[in-house]
Amino acid sequence: MSLPAEVPVEAAATPVLLEARDLTRILPAVVPVTLVKDVSFKIGRSEFVAITGPSGSGKSSLLYLLGLLDRPTSGKVFIGGARTDDLSPAEMAHMRLEKLGFVFQFHFLLPEFTTLENVMIPMQKLGKLSARNQLDHATTLLADLGLEDFLHRRPAQLSGGQRQRVAVARALANSPDLILADEPTGSLDSVATEQVFDSLRKIVDRQKTTVVAVTHDLELAARMERRIHLVDGRIDWDRQQA
Amino acid sequence: MMLLLRIAATHIRTRMRQTVVSVLGVALGVGFSVAMASLMEGSQRDFTATLIDAIPHVEIVDEQRAPAEQPASTVYDAVAYYGLRPKEDLRGIRNPTEALAALRDWVDGKLAQRLSGQAVLRYSGQDIGMTLTGVDPKRELSVSNIRDDMRKGSFEDLGTTANGLVIGDKAAERLGADVGDTVTLTSASGVAKRFKIVGLFHTGITTSDEGLAYAPLKAVQILLEKPDIINSIAIRLNNISQANDVAARAERQLGYKAISWEEANEGLMEAFFVRNVIMYTVVGAILVVAGFGIFNIVSTIVHEKARDIAILKSLGFPEADIQQIFVLEGLVIGILGALAGSALGFGLSSYMATIRFEFTQDVEMTHLPIFFSGTHYIIACLLALFSSGIAGYIPARKAARLNPVDIIRGAT
């Protein structure tokens, strides 16, 4: 299998949305564990970036730092040019709500709520749209992802691919600047993987949203515009892909 | 807040059996505490009402609170007395007409003079020690409810029969005497006088029914050899809350000890207070136990919903929101329990109010005295909500502190 040609990244081609500067995360323990070490990069708007690497290379840890779910031991994360290391936990939560969207390997939908309700929860929390507009927006998002017939089903009544697409719709609910996906197709079969990948592709192409996805799937990673490869918590290489 | 409430409601709705058990725990706590408080306050009020009916609101007696000042003390700064002997004098309130007239000027209520003393009642060879009270029947009826307690004859007949006597039905029963019979009363100094029974009363208080007798004031003054002397003035006020003030002013004015009904029953009021403290302590303990049930269910939900907590945090819900969700779960259970408990408490109180029975000793009672008060419901519900709020808060704090990364990493 031939992989697309790769060129090293000099600088983000588009305005910078996300910047990691000398990020290091060390887990305190009797023998401290270094998860991420001196990682720096910039990601522009509407980029579709894969983070790859062997197991234990720090991919997910890096994603949690970028998504403000974890705090770095040292270094900084800038989102939209704004520092995030001096934010309080509540301010970080608000930034996650407004500017970030997450898709995890396991859908993590709230099981007692319907598809529509799951997508509407972030909008209700943010409260920028009226109840009517929230409903319309959620319905449109789910329809775009081919889920218009499953609006009132609960997660347990959906297939794995459908659940993951609902998770993508939920991540898009507040029209974030950045979607962070942690192995979004890791638990799916090939058909569902294609559906979810296509969904993410659409987001980048249509909505100009930046997507950063951690993946083990090299074939999938090869289809993204840029790939950052980690080994032992450090960037081994960072290349644009044709 | 509505969103958080919806999430909280969804969590507890999906654990219906546990929720129902927890709600029942709170409901039983609230219900029984309301019923107990209704019964306690009912009995307190019933007892107080009986007491207020039975005794004067203010009673002026022929005593002084402090010993009389010796004349030498008014002249010298320091005086030592040795071998003082009390002056041989007849005790009692002198010039009762003048004292009563002075009080009538300002007291808002009715007054009656009395002369009480010990006497032995003899009939058909049997003797009973009695407290004999000489009264002006018309005035006495204006300060006491003895008329309502009359079982035979008439209290007013004391006014038309010079040597009339009204005794308790139990005393009459012991003696085998009845209305119309003539009995002999003998005073402590040996003076004997014949009286005709004109009425029998039954107060329900055994000591009164067996040992209290009423006779015209003049006759008693003759029997006890205390002419124109009384030893107490009974006052029945139109507003009993003025009792302490009236007592204090009367004491200043006449120089005799004046006792309000509250002062006379100070120990009893303290006993009621202690009883209420004990009751609410028990109620609090019941609701704390109910709180453990809520703690248990909310802790279980926090444990089971760790993944949801992580996802809500990743979606942008701050720690405060997560905490609120689980505190709300505790409060929702508490509110449901408080509502159900209030209904249960009302039902129990209403049922208890219908139970009828009779004691023949001491105080007669024909039904359980229940007092319905919104305060009981408010106190029980607030205690329940406080208990459920705390029970929800402890696991909620733990939930808010969960690290989403740990949960997401551990997810399979």
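1. The structure is a predicted model, in which local features need pLDDT of at least 70 and side-chain atom pairs count only at pLDDT 80 or more, while totals for chains, interfaces and linings use all residues. Residues are numbered from 1 along each chain as its sequence is written, and chains are lettered from A and ligands numbered from 1 in the order in which they are written.

2. Chain A contains seven helices and 11 strands, where helices (H or I, at least four residues) and strands (E, at least two) are DSSP runs numbered from the N terminus. Of its 242 residues, 45% are buried; a residue is buried if 20 or more other C-beta atoms lie within 10 Å of its own, exposed if 12 or fewer, and partly exposed in between, with the C-beta atoms placed from the backbone. Two residues are in contact if their C-beta atoms, placed from the backbone, lie within 7 Å, and among the contacts in chain A between residues at least 6 apart in sequence, 72% join residues at least 24 apart.

3. Chain B has 16 helices and 10 strands, and 40% of its 412 residues count as buried. Among the contacts in chain B with a separation of 6 or more, 81% are between residues 24 or more positions apart.

4. Where the two chains touch, chain A contributes 20 residues and chain B contributes 16. On the side of chain B that touches chain A, α1 (2-13), α13 (306-315) and α16 (404-410) each supply at least two residues, and α13(B) gives the most, with five residues. That side of chain B divides into nine nonpolar, four polar and three charged residues, with Ala, Val, Leu, Ile, Met, Phe, Trp, Tyr, Cys and Pro counted as nonpolar, Asp, Glu, Lys and Arg as charged, and the others, Gly among them, as polar.

5. Two packed helices are described by the angle between their axes and the distance between the axes. In chain A, helix α5 (residues 160-172) and helix α6 (residues 190-207) pack at an angle of about 15°, with their axes 9 Å apart; the axes are lines fitted to C-alpha atoms, for helices over the stretch in contact, and angles run from 0 to 180 degrees between N-to-C directions. The angle makes α5(A) roughly parallel to α6(A), since angles under 35 degrees count as roughly parallel, over 145 as roughly antiparallel, 65 to 115 as roughly perpendicular and the rest as oblique.

6. The crossing of α5(A) and α6(A) is right-handed, a crossing being left-handed if the near helix is turned anticlockwise from the far one by less than a right angle, and right-handed if clockwise. Residues of α5(A) in this contact include Gly160(A), Val168(A) and Leu172(A), and those of α6(A) include Val191(A), Leu200(A) and Ile203(A). The residues of the contact of α5(A) with α6(A) comprise seven nonpolar, five polar and one charged.

7. In chain B, the axes of helix α12 (residues 266-304) and helix α14 (residues 319-354) come within 10 Å and cross at roughly 140°, and α12(B) and α14(B) are therefore oblique to each other. Their crossing is right-handed. The contact includes Ala290(B), Ile294(B) and Ile301(B) of α12(B), together with Phe326(B), Glu329(B) and Gly337(B) of α14(B), and by class it has eight nonpolar, three polar and one charged residues.

8. An unreviewed UniProt entry lists residues 277-304, 325-348 and 368-394 of chain B under "transmembrane region"; UniProt positions are given in the numbering used here, feature names are shortened, and annotations may be inferred rather than shown by experiment. In the model, residues 277-304 of chain B are 100% helix and 0% strand, with end C-alpha atoms 40 Å apart, while residues 325-348 of chain B are also 100% helix and 0% strand, with end C-alpha atoms 34 Å apart.

9. Gly44(A) lies in strand β3 (residues 33-44) of chain A, and it counts as partly exposed because it has 16 C-beta neighbours inside 10 Å. Its C-alpha atom is separated by 7.4 Å from that of Thr210(A), 166 residues apart along the chain.

10. Ser46(A), in the loop between β3 and β4 (48-52) of chain A, has a positive phi of about 55° although it is not a glycine, and Ser46(A) is partly exposed, with 19 other C-beta atoms within 10 Å. In chain B, Ser124(B) has a positive phi near 45° and lies in the loop between β2 (109-123) and β3 (126-135); Ser124(B) is exposed, with 9 other C-beta atoms within 10 Å.
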